[in-house]
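Please find below some numbered remarks on the model.

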Amino acid sequence: VKLMSIMQMMLGASGGGGSIAGEYFAKAKYTGNGSTQFITTDLDMTGGGLTWIKADDPPNGRYHTWCYDDSKQMYATEADYEYSNACVTSWTSTGFNLGNRSQTNFSSLDYHSWSFKKAEGFYDTVTYSGTGSGTQTLSHNLGQVPGMMLIKCTNDSSFNWNLYRDDKGEDWHGYLNNNHDNSSSDFWDIAATSTQFSVNGAYDDVNGSGYEYRAFLFAKETENLIKCSTYAGDPGNDITVTTGFKPQFLLTKKYASGDNADWMIIDDSMATVSGEQYKE
């Protein structure tokens, strides 16, 4: 098959120098010290956000750790609980403070971090309790339709990270923590809007009674800042994908039916990070 459909999320031009992206997104490299330390990003995260951290090499660095605005965390590669511990302990107007957890601050291990500021037109997060019946409609503050949304149960380790994509709508979902292609299930019940999204009580993955959830939402497209879209690949040949800006961060996943593939992260200061880097 010559053409392959790819899901992608792209974040805009280099921070600093007055760039709009520098007000919302920052990346930083650092070396763990096994104790505590402050990481400078020059990004004001005092209003909340997400810091995604990944070490260069396993085994201690096999986790993709998502740390968010209430000093909690989950592992994007695991169907695990939400934890409260000393990974990122706080955010400031210029960076973030690290605790002594080995997943994010193992002595002499090199790390990459990507920080996403909570802001209209860029990124938002929503917590909610499942109802287990009917359609539950929830509000968000993106101010536009989410191009990509990820939902994870926070108090049970039985459920995957579930993916919503605007271009696929309410009758499709994918996964973040495995390489499965897609699934035709109406988890979402109703297509997301610029102010709301819905979850179906028939599915414990996103709306089960007695379960707690967190949704991570990324805007579909904001000029010079973020873009969630698709492109067609051409194996064996180089292609050019037009984004309207120079991406600092690229997240891609092949979603052709029946063709499993790893998620890939590429930023403009590092080599590609694939699923192989977090397998033991």
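1. A polar atom of the Asn-177 side chain lies 2.9 Å from the backbone nitrogen of Trp-161. The Asn-177 side chain also makes a polar contact with the side chain of Asn-160, at 2.9 Å; a polar contact is a pair of N or O atoms within 3.5 Å, where, within protein, one must be able to donate a hydrogen and the other to accept it, and residues adjacent in sequence count only if both atoms are side-chain atoms.

2. This is a predicted model, in which local features need pLDDT of at least 70 and side-chain atom pairs count only at pLDDT 80 or more, while totals for chains, interfaces and linings use all residues. Residues are numbered from 1 along each chain as its sequence is written, and side-chain values use heavy atoms, with hydrogens and water left out.

3. Asn-177 is situated in the loop between β15 (174-175) and β16 (196-200); strands are DSSP runs of E, at least two residues, and helices are runs of H or I, at least four, numbered from the N terminus. Asn-177 is buried, its relative accessible area being 11% (buried: under 20%, 1.4 Å probe, protein chains only).

4. Not counting residues up to four places away in sequence, Asn-177 touches Ala-76, Thr-77, Glu-78, Ala-79, Asn-160 and Trp-161 (contact: heavy atoms within 4.5 Å).

5. The chain has 2 helices and 22 strands. Of its 280 residues, 52% are buried. Among contacts with a separation of 6 or more, 63% join residues 24 or more positions apart.

Conventions
Buried means under 20% relative accessible area, exposed over 50%, partly exposed in between (1.4 Å probe, protein chains only).
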